[in-house]
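User: I am new to this structure and would like a close look at a single part of it. Please walk me through one aromatic region and the helix that goes with it.

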Amino acid sequence: MKRPLRRSFAVLIFVVLVGAASFSTALRRAVAPAPAREPPPLPLDPARLNATLLRLAAADPSEAPLRRDVDELLEGRLPASAARTRAWRRDRLLHPLHLHRHHSYPLPRRARYPDDDHDVLLHPLPRHEQLHIDPALRRDLRSWHRLRRYDPSVLASLPSLLSIPGRIPSCAVVGNSGILLRANHGALIDSHAAVFRLNNARISGYAAHVGSKTNFSFINSNILHLCARRPGCFCHPYGHGVPILLYICQAAHFLDVAACNATSSSHHGSPISVTDARLDVLCARIVKYYSLRRFVVETGRAPEEWDRAHDAAMFHYSSGMQAIMVAVGVCDKVSVFGFGKSSDAKHHYHSNQKAELDLHDYEAEYAFYHDLSEHPQHDANGRLECIYCRNFK
């Protein structure tokens, strides 16, 4: 009986000693002063924050590479940024660009019929070959780049720039979101005086949801680059009489514009019009400002850290953003359909694409649309205008 008693007594002493040590440690922690904590950052003055957002929104890291691309094109060289992309279409009969040496090696591709496996009009364009650029294209390229500056007044001049005789009473801008399939707004869309559609979205089979009327086709130059590779440069899915408005994503896409317009002069009724570069700058600045503001509000981080969450060099507004801005510039009333997203809806109603593109900040654009709709502004004649667009200097 003694031996077990000694063991129990030893265990008891050990527990008491451990408890005492723990109590003394806890007592020292309670008595010792708490470590100093860093004070929370003081909230930035709203005026100073807004000035910072405007300053950062005005910075365009893509301007220097764009300038180099334009210079290379004017010197008769395909820009390095374009040489890594898809094949370029060359046709000495229709293409206003001529080469010192013209080769006829074909580009193999998948085709429905055996005779279409090779197309002499589609083949890689080696960067080292010298381009003979048509003088009209050279002037257009210089003029476009010269106009790349912030100028909100471009909205008021859009009707004349787009050769529209006057302002349009009502316009519907139809986006491509899968949420369009939830309702039958086709008749409502077609009731507008003019309907804008984006990036050659299909309407066949979807007319009940998206309407069947098209007055303006709005595309980005990446879409045109795909069209230009097809024989005849088919990029008029809504009919030859529907004007195409296009904004440039790469300077080299001016080659596609020239090729397709040369083709359209004989095959199509409406040429492709490049949007004013001042509108590009205005859209880019607005979207980046709203994206910066959303970043600060949602993360609590400094706006200078925005670049870490976005690829600043690749960041770009969507086609829908510029289409809406064009509509604001030429229409008295603008209705918007098919802008927004949902977890149970496809990204585009006419395709199986589900993911968004990382180079866009759709939520920032939606915030801008919300401001336009909740606080519409009109000029002295009662015409819709973008009063916010004046504030992004």
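Analyst: Y290 has a relative accessible area of 4%, so it counts as buried (buried means under 20% relative accessible area, exposed over 50%, and partly exposed in between, with a 1.4 Å probe and protein chains only). Y289 is buried as well, at 9%. This is a predicted model with residues numbered from 1 along each chain as its sequence is written. Local features need pLDDT of at least 70, side-chain atom pairs count only at pLDDT 80 or more, totals for chains, interfaces and linings use all residues, and side-chain values use heavy atoms, leaving out hydrogens and water.

The structure holds twelve aromatic pairs (rings of Phe, Tyr and Trp, the last by its six-membered ring, pair if their centres lie within 6.5 Å; planes under 30 degrees apart count as stacked, over 60 as edge-to-face and the rest as tilted). One of them is the stacked pair of F196 and F216, with 4.9 Å centre to centre and 20° between the planes. This pair links distant parts of the chain, as F196 is in strand β6 (residues 194-198) and F216 is in strand β7 (residues 216-220), 20 residues apart. Helices (H or I, at least four residues) and strands (E, at least two) are DSSP runs, numbered from the N terminus. Both F196 and F216 are buried. Y289 and Y290 also pair, edge-to-face, at 5.7 Å centre to centre and 80° between the planes.

Y289 and Y290 belong to one aromatic cluster with F339, Y362, Y366, F368 and Y369. Buried residues of α14 are Y362, A364, E365, F368, Y369, D371 and L372. An α-helix has 3.6 residues a turn, so residues three or four places apart point the same way. The cover over the buried residues of α14 includes α11 (277-299) and α13 (319-330).

H360 is in the loop between β10 (334-337) and α14. At 14% relative accessibility, H360 counts as buried. Its side chain reaches the backbone oxygen of H316 at 2.8 Å, and a polar atom of that side chain lies 3.5 Å from the backbone oxygen of Y317. Leaving aside neighbours within four places in sequence, H360 is in contact (heavy atoms within 4.5 Å) with F315, H316, Y317 and S318.

Definitions and conventions
A polar contact is a pair of N or O atoms within 3.5 Å; within protein, one must be able to donate a hydrogen and the other to accept it, and residues adjacent in sequence count only if both atoms are side-chain atoms.
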